[in-house]
Amino acid sequence: MHIQINTDHNIQGDTRLAEVCEQLVTAALAPVASRLTRVEVHIKDIRGPKGGEDIRATVEARPEGLRPYAAHHDATEIPAAVKQAAKKLRQRLEGEFGKLATH
């Protein structure tokens with residue numbers, strides 16, 4: 001599973017951010033990782049310097065042989081947003097894989 005991190009112009013996309021995001025996404029998606037080819041994490045600062053719950057993390061997974069699935073979460077900090085978005089995506093993927101297993 002390849003993980004790609006994308007940020008907007010308001011967020012500094014350095015190696016530390018990439019490491020944290022990769023750890024969070026890998027941990028959250030571990031139960032379904034064998035069925036994924038690539039995961040993309042998009043991080044945006046929605047309101048810029050205004051503050052508040054303005055960090056939006058969108059995690060998109062590309063399962064092998066299926067269409068891409070995505071989930072997003074808004075939070076005040078990047079790790080919280082990424083962790084919750086990845087958790088939502090894992091639940092969605094587990095549901096989809098469960099449906100496929102019954103057919």
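Q: Which residues touch the most other members of the largest nonpolar core?
A: In this predicted model, the largest nonpolar core has 27 residues, and V25, V39, I43, I78, V82, L89 and L93 touch the most other members.

Q: And which elements each supply at least two residues of this core?
A: These are the helices α1 (15–28) and α2 (78–102), together with the strands β2 (36–45), β3 and β4 (69–75). The element that gives the most is α2, with eight residues.

Q: Why might such residues be found together?
A: In soluble globular proteins, nonpolar side chains tend to be buried together.

Q: What does V25 touch?
A: Leaving out residues up to four places away in sequence, V25 touches I3, V39, V41, V82 and A86.

Q: Back to α2: which of its residues are buried?
A: The buried residues of α2 are I78, A81, V82, A85, A86, L89, L93 and F97. Their cover includes α1, β2, β3 and β4.

Q: How many residues does α2 have, and what is its reach?
A: Helix α2 has 25 residues and reaches 36 Å from its first C-alpha to its last, close to the 36 Å expected at 1.5 Å a residue.

Q: New topic: is E60 buried or exposed?
A: E60, which lies in strand β3 (residues 55–63), is buried because its relative accessible area is 17%, and buried means under 20%.

Q: Which side chain does E60 join in a polar contact?
A: The side chain of E60 makes a polar contact of 2.9 Å with that of R62.

Q: What else is E60 in contact with, neighbours within four places aside?
A: E60 is in contact with R38, V39, E40, H42, P68, Y69, A70 and L89, with neighbours within four places in sequence left aside.

Notes:
Residues numbered from 1 in each chain as written. Predicted model: local features only at pLDDT ≥ 70, side-chain atom pairs only at ≥ 80, totals over all residues. Heavy atoms only, no water. Helix = DSSP H or I, 4+ residues; strand = E, 2+ residues; numbered from the N terminus. Buried < 20%, exposed > 50% of the residue type's maximum accessible area, 1.4 Å probe, protein only. Polar contact = N/O pair within 3.5 Å; in protein donor to acceptor, adjacent residues only side chain to side chain. Contact = heavy atoms within 4.5 Å. Core = buried A, V, L, I, M, F, W, Y, C linked by side-chain atoms within 4.5 Å. Expected span 1.5 Å × (residues − 1).
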